[in-house]
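Me: I am new to this structure. Please take a close look at how its strands pair, and go on from there to the aromatic rings.

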Amino acid sequence: MPKRNDVPTSAYRLLLKNGVTFNHLASRVPYLKRLGIDCVSVSSVFDTSDAGNGRRSFDPTTLDRKSGGEQGFARLIRALENAGISLLIDINPNQIPASYENPWWRSLLEWGKDAKYAKYFDVDWSSRLSLPVLERPLVEELDNSAISLVFDTAANVLGISHAQNLYPLSPPSYATVLQGLDSELANQFREAAAKAQPSHPDQFHENLRVIYGRSSVSNRLALADHLNRLTVDISSLKKVLTEQHWILMTIADARKHLSYRHSYDSLYSVGANVKDPDVFNDFHKTALELTKLSAVSGFRVNQIDGLADPAGYLKQLRHATGSNAYIVTDKIFLNGEVQSEEWDVDGTAGYEFIAVASNVLVNHAQLPTLEQAHATVAGVERSRENHYRDAKHAILHKKLAPELNALARFLLQFSPADIDELEIRRAISETITELPVFRTYPSDRQDHHTMILQTAGITRSTLPPKIYDEFDTRYQQLSAAVMAQAVEESYRYDRGPISVDEITVFSADAKRPVEAFHTHMAQKAAMMPLGMNATSFSYATKFGEDARMRLLALTESPANWIQCVSDWRIRFAQNVKMIEGALVPHPETEWLIYQTMAAIWPPQLHLDDQKSLLAVQDELTGFVIRAIREMRKDAFWTEVNRPYEMAVADYIGSVFLDRTFLMEFADRMRPYWVAGAVNSLSQTVLKMTTPGMPVIQTGSETWDFSLSQTGAPDDAGFEKLSAQLNYAEQSPFTNLLADWHSGALKQRIITIHLRLRQQYPELFLRGDYIPLQISGIYSDHLLAFLRRNESSSCIVAVPRLPFEAVSKFQEPFMPIPAWGDTTIHVPETISSAVFQNVLTGETILPGDALLAADAMRDFSTATLIAD
């Protein structure tokens, strides 16, 4: 583990999306400096392409021109340097645009397996490169003149144009295209194509540019006319298409057969073969140059489990960056996984903290009551495990079927003649579906592959090592892709409360959650104390961090919540429709509607604010529509069903038109919102003080009741945050508590702790983590620990399971009588120290037994510091 002194003490996550540019980011730096941030983590600073499903793919060679290019990036770097804030940039070696704009991919389209960059990607060249770009079958596209032959003067190539995209023709096919055209331009094109070499594609394009530029207008028009005539000659056009290294196909066909390894769920992103040294160097050239700038501190590596050899890749990256670079991965730990000692990184992006915090704040004793009620409403009696397997199975056989089929065919080559490919495919599917983590690693790999190899009639010893390694690499990448989709998609939506499953899958320890929390934090302090702690993940978490905390509060009073849902379903029963024999919305979707309303309802929303009310309705409707598409619970169709979705939207509309109901809804949910706010404050303090570097998602320093896919705040949003910070810093805690709905209270807590971390960096980055024992009648409702190094100590205490204590009050504050004799036992080594409460300024002499009521007399969490 690096022992350098320049590790950031906190990070702020900024996204370059929805029109946000480098200039916008630069303008936000002064506010971040005031907040107490010393590192900015940016989603990606490289050129972007649409990868589908709301995703983007990145060209690692070019700074994002849409965001301001070099000039804008230089302005951002200068602003960060002046503020003393470092920059952490995303890289994703498992995701490059599979588009013409990517010069590496373009070389494959033009030259096929002989292309200069052919080894940069995993492509099965036993057939032509499949391009999933057609909405209709090729014959229909040809009949409707949707495909045309052109000479593109920007790219200087002959190509096929379709839907504003260009697909270059192979140079040998120029002879076919230009056949019958006798002109100086055509003859020179033919000659240039005949001499073209795949090792020098740029020279070929330059030759075509010069030839075309020198030609007469009459020759250019003759070429254009010739290409127009070929375009309407379907027979000739088909002949040209058959001579290419690629084939245009529909997205549906590509789901059955795709000749390249695509990036997780996007057919328009392709993974790079960064295991090859040349590919690694070219991919990282620009990124590594950026680390030479003083403001760029390192990398956040995305989709790490999708690489052929994660440990080997990270070793390469560390060697290239040197020991001073700060490197984290987006690795998500499942089912007791821990950081591999082979990974030369500072830690992860911190998503495991989402699970750990939720696990200690949820009421495990009453969660089964909530889950049983949800299962009854949903009409299912299946376990979480079974549904999880069903989701992985569906993803594997629908979205990733090409990779599954290709892996089965690969093994079939080495199998006895009587072996059925279907059986091999089934064995691969079963093992991946049952695997509780993203992928296996060398220590447990052999046993896991045994069933697959036995089914294929093969043993490990009969396969050449190179062949086995190729099989294993393909298997691991496919397994990781399936799990990534399972984490992000369908099975998260159809359980209640959903938040219990966000990033956790099966990681919760229901029997001893406090002990599990302490164990995890002690392990993190020992193994990766410099890794991050995050409470949001833009794709895999469906709710903002504070919306999730409200949902956890539902588990503290499930009977009341269940009655609420029942009452509301009865109230709006007349708005449920019947479409093709199915209830619309499905009862489970009704549960989801009310649960989501409870999670995202703005605390300051007034029912006479029509504009804001409509915004909440639109956000809720969009979320529920995405949910029913993904979870397929309501799906008696194979694709989008507009009448069904309209009926769901109408149901939600009827709910929002009933103002009497909305008043009742807010009144019945208020206790959950107050308890949820206490949960949020506990989570915030834990993120700031436990081992790991806290990451603040854009805008989440105030209340974050957002939903997935919600955009980042614009400039006006940051101006509001800046003004609120002024208010938060200048107001007494009693005022902020009374005005807790504004979110200034949370912002004040965060800025105090961020500055504390800057004042005591070694204590919070590398200090020991020591659980503190608690006794008393309400000991189950308190979590406390000590951070300690040679020079400083910090006692932290936060409440948990607060619903009963705060449900009758209007503010997120644990009343003093609620603690009774609950006591925090302080180690003898610090019992005589003088501590200061960093939130209230109060001086505290804990002795060997600190009453919770004394530690949290003025606020519901305590952070006590002593030198």
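Reply: In this predicted model, Ser775 has Thr823 of strand E25 as its bridge partner. Two strands are involved here: E22 and E25, the latter covering residues 823-825, pair in the antiparallel sense over 2 bridges. They belong to an open sheet of 3 strands, whose order is E22-E25-E28 and whose pairing is antiparallel. Strand E22 (774-775) and strand E28 (849-851) are the edge strands, each pairing on one side only.

Another place to look at strand pairing is strand E9, residues 157-162. Of the 6 residues in E9, 5 are buried, so the strand is mostly covered; buried here means under 20% relative accessible area. Strand E8, residues 147-152, runs antiparallel to E9 and is joined to it by 6 bridges.

Gly159 can be followed through both pairings. Val150 has Gly159 in E9 as its bridge partner, and Gly159 in turn has Pro168 in E10 as its bridge partner.

Both pairings are hairpins. Between E8 and E9 there are 4 residues, and Asn156 in that turn has a positive phi of about 60°. Between E9 and E10 there are 2 residues, and in this hairpin Ala163 takes a positive phi near 50°.

The structure holds 34 aromatic pairs. One of them is formed by Phe151 and Phe189, and this pair is tilted, with 5.1 Å centre to centre and 45° between the planes. Phe151 lies in strand E8, while Phe189 lies in helix H6 (residues 184-195), so the pair ties together parts that are 38 residues apart in sequence. Phe151 counts as buried because its relative accessibility is 12%. Phe189 counts as buried as well, because its relative accessibility is 0%.

Elsewhere, ring pairs link a cluster of residues, among them Trp561, Trp568, Phe572, Trp591 and Tyr594. The cluster also includes Trp601, Tyr651, Phe656, Phe661, Phe665 and Trp673.

The charged end of Arg106 sits over the ring of Tyr100, at 4.9 Å from the ring centre. For Arg550, the charged end sits over the ring of Phe705, at 3.8 Å from the ring centre.

Notes
Residues numbered from 1 in each chain as written. Predicted model: local features only at pLDDT ≥ 70, side-chain atom pairs only at ≥ 80, totals over all residues. Heavy atoms only, no water. Buried < 20%, exposed > 50% of the residue type's maximum accessible area, 1.4 Å probe, protein only. Pairing = 2+ DSSP bridges. Phe/Tyr/Trp six-rings, centres within 6.5 Å; stacked < 30°, edge-to-face > 60°. Lys NZ or Arg CZ within 6 Å of the ring centre and 35° of its normal.
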